[in-house]
Amino acid sequence: MLYHEKNILIACGNKKDRLVFFNYYDEQGVNQIFTASSMDQCWEILSVESDVHVLIVEISPLWLKGKVQIENIYKSHQGIKLIGVFSESVKVDVNAYQMLDSWLDDTYFSPVSSNELAARMELNVTRLSQSQVAQSKVVQYDTLINNVMPNSSRPQFLFDLNSQSISYVNDALKKWVPHLDLLGENYVLLAAESSAIKYSDVQQKIIDHDATIVQFELTQPSKTKQKSYVQLSLHTVYLDGNPYLVGELERIDAPNFYSQFINKLKKFQQIDFDGDSFKREMRDLVVWSGVDFLFAVNNSGQGVYDQLIWDFSEDSRSALFIDAKHDFILRALQKNNRLEFKKDAYKAIPGDEFLTFYSVNQLMLYRCWIEKGADILLVAGGQNILLDWEPATLLFSALADHLVKYKAFKSLRALHEAESQYDVLTGLVNRRYIINMIEKDLMDIEQQDQFKALVFLDLDRFKVINDSLGHDVGDDVLVSVSRVLKEQVGSYGIVARYAGDEFLVWFHKGESPTVVTHIANQIIKAVANPISLKNGSELKITVSLGITYYPDHAKTAGQLIKNADTALYDAKLKGKNCYSEYSFAQEGESPKQHEEMEKNLSNAIDNNELDVFFQPKIDAKTEDIMGFEALVRWEHPELGLISPGLFIPLAEQTGLIHKIGYFVMWKSCQMLYKWQSKFGLPLSMSINLSPIQLGEQKLINRINQVVKETQVDPQCIDFEITESEKFADVSEALKMMKRIVGIGCTLSIDDFGTGHSTLEYIRKIPAKTLKIDQTFVKNIGLSRDDEAILDATIDIAKRVGRKIVAEGVETEEQRHYLAAKGCEYFQGFLFCRPIPADEVTRILSDRANLLSKAI
């Protein structure tokens, strides 16, 4: 016998398949049969047993799945026969099947019947190349139709390529189409509409690839009204040296078909048109829908669509479309962004060379207007597409709609990125750029011990100027000060506009504190000179500066900025129009300074000096705005913009945090309801809650009052809780969190990964979302340790079912890394800085205007 005294390894998950193969080989008198219930066990047996002659292995994601594994098996066990069994759950396309089939000695499809196995083993072949047949005439036509195909439970037929007709039909297929006599006929008769199977195209694919797959609606007896969809697999065999096609049908029932449709609809509403998988997904759409052509062309501005973007037609049909004239189509698209013809398109639009040449029956045209220079036409159709008309138009119109949104948001982001390096008003580099530069310099090993300085500067009483003389005058002042700073700093450093009337100067070539303080004095003197305004008048202003030194005071960008800000505040308290050098003593403010700042903060609440800024949260998949985080800002009329890092701790110490928190909550919910109502968007609002606020018994009443007054849905409010040891009573704080969730709001854990009991927080706090601290995000690509911590954090969050927001996303590298790891939402300067409410309204209006021009 062929397998006498051979060793066999059977490795597949289906118990019935294992039993069928086991029984067959057992009857052959083999030496030993091993079985494996997992791929790991299979590898283990192969590593121990070097003398395995035949391996039967399942083809599926959990078992054998690629060329590398197959090559490893062949290398370690030379001469082994490898038989693949495709799992029922695996749906492989033609290309994947052909590759796997070429690497394996034989292939089966689960479930494997004992009759089929015995017949095929007797033949020892099912599909041979023409060269193999020429060498050994082992495959006999009679044997195949008498022993192999009759025993198959799958509907099958043989198609004689010489006579172009069906020569054999098995019983399984006869049961499927009892009303048809297929012998001597063409297999196109299997389709409800014979034109659904494009015979010439199919035959060409057979010539090119030796196999293909076709989907269509199966013909039914006249009395049957229910539709049935099938997939026909065709591959070439040579029987007695003559070419045949083996055809095999697989049913795609209506629920399964429309389940596939819904899945594809969702997929194409989220597709990344610039992603690696885009081409594969589009080719899959062409095959699945059965269209003859699918391409996108852009209007170059001459009134015609003559610039190809992409084409997934079999024979590049866009070329003729671009060359041909489309007078009727262009006129129609001026009135309506979509044009659809269910049948006879080439007749309905006479004189269109493209439609006439290809006899286009069904046609779908969708105009995707984004902006000037981006007017895209999506074109799809054919002689007789596979899908029903309604699903087809829904699918392709959804694809076009998503294309508009994708291109629109990409355009907005490109505009943002163009502005992301420089400040538009002053021409200086901006906050993001200067911080990146500082961090880069501090990481340079050659510069780590070299003296550097950071100066934080802002204008004294700038708010008064803005409010009394207007924003135009305020802009003139900022431009004038920017010019002074650049002139005085020169080649010693770089000047950046940080925010509002705040500037940073990074002295990376400052040489010594003496040089820096000298330049600071020169800046104060130069700014004090009257500024000539455009209206002919003059204005006198002053500035205050805070100075900190590297490496004496700090060794990170964040700490340097904080120290310089602290020194700036000290300069303000000293009377303004001066500079102050940072000292560690400034961290422990004097009782008088503390008392003065507390008084200022209390007055700020009563004098409307506090405002709420909003930073958008971005959906990682669509890159659309899904909500905002509310951030409080304090602009003192004389001291200028005061850092939250300075006044929030003070507010917590003095109890003022309750009044500030209520103000932020009310203002942010008011704006949220306004934006939801005006733009019809399901936006959410994230509001920070201090541990001190969580200890207030009136907090729930305050939230309910805000919800009632602003009419906002509590489910749209998300409170961010920071990991902290400041909870006066942890158990009471947890009870308060549960009460917040009980009224419909959600919770997020803010700055996750930096607190004192991270894992304990996940377990106890009823939070739906974790916000990864920007400390880890900014080191993506720079620190493997931080990346490892970040990966572990994301993995933990996923395992416990939490959504993830990544804070501080500032680069494309960070965005791609986080998206690949499964982060759902982004927040950071790459997309938008914190902005006032009126600017949010403008952005949402721009978004609405872009989409209103879409389909």
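Reply: What follows goes from the whole chain to single residues and pairs. This is a predicted model, in which local features need pLDDT of at least 70 and side-chain atom pairs count only at pLDDT 80 or more, while totals for chains, interfaces and linings use all residues. Residues are numbered from 1 along each chain as its sequence is written, and side-chain values use heavy atoms, with hydrogens and water left out.

Me: ok, how many helices and strands are in the chain?
Reply: The chain has 32 helices and 32 strands. Helices (H or I, at least four residues) and strands (E, at least two) are DSSP runs, numbered from the N terminus.

Me: And what share of the residues is buried?
Reply: Of the 855 residues in the chain, 53% are buried. Buried means under 20% relative accessible area, exposed means over 50%, and partly exposed lies in between (1.4 Å probe, protein chains only).

Me: Let's do a helix. What's the span of α11?
Reply: Helix α11 covers residues 278-289, which is twelve residues, and reaches 16 Å from its first C-alpha to its last, close to the expected 16 Å at 1.5 Å a residue. The expected span is 1.5 Å times one less than the number of residues.

Me: Which of its residues are buried?
Reply: In α11 the buried residues are F278, E281, M282, L285, V286, W288 and S289. Just after the helix, G290 has a positive phi of about 80°.

Me: Now two helices. How do α17 and α21 cross?
Reply: Their axes come within 9 Å and cross at roughly 120°, with α17 spanning residues 431-443 and α21 spanning 557-573. That angle makes α17 oblique to α21. I435, I438, E439 and L442 of α17 make the contact with A557, L560 and I561 of α21.

Me: What counts as an axis, and what counts as oblique?
Reply: Axes are lines fitted to C-alpha atoms, for helices over the stretch in contact, and angles run from 0 to 180 degrees between N-to-C directions. Under 35 degrees counts as roughly parallel, over 145 as roughly antiparallel, 65 to 115 as roughly perpendicular, and the rest as oblique.

Me: Switching to charges. How many salt bridges are there?
Reply: The count is 20 salt bridges. A salt bridge here is a side-chain nitrogen of Lys or Arg within 4 Å of a carboxyl oxygen of Asp or Glu.

Me: Which residues form a network of them?
Reply: Salt bridges link K617, E629, E720, K771 and E807 in a network. Within it, E720 and K771 meet at 2.9 Å, N to O. That pair links distant parts of the chain, with E720 in strand β28 (residues 717-722) and K771 in strand β30 (residues 769-772), 51 residues apart.

Me: And K771 with E807?
Reply: Their closest N and O atoms are 3.2 Å apart. This pair also links distant parts of the chain, since E807 is in the loop between β31 (803-806) and α31 (812-821), 36 residues from K771 in β30.

Me: Are E720, K771 and E807 buried or exposed?
Reply: E720 is buried at 0% relative accessible area, K771 is buried at 0%, and E807 counts as buried at 10%.

Me: What about R842 and D846?
Reply: The side chains of R842 and D846 form a salt bridge at 3.2 Å, N to O. They are four residues apart in helix α32 (residues 837-852), so about one helical turn separates them. R842 is partly exposed at 43%, and D846 is partly exposed at 31%.

Me: Where is D17, and what does it touch?
Reply: D17 is in helix α1 (residues 15-27). Leaving aside neighbours within four places in sequence, D17 is in contact with C12, V85, S110, P111 and V112. D17 is buried yet has no salt bridge, and the nearest side chain of opposite charge, K16, is 8.8 Å away. For charge, Lys and Arg count as positive and Asp and Glu as negative, while His and the chain ends are not counted.

Me: Last one: where is C823?
Reply: C823 is in the loop between α31 and β32 (825-826), and C823 is buried at 4% relative accessible area. Not counting residues up to four places away in sequence, C823 touches A620, I772, I794, I804, A806 and L818.

Key: Contact means heavy atoms within 4.5 Å.
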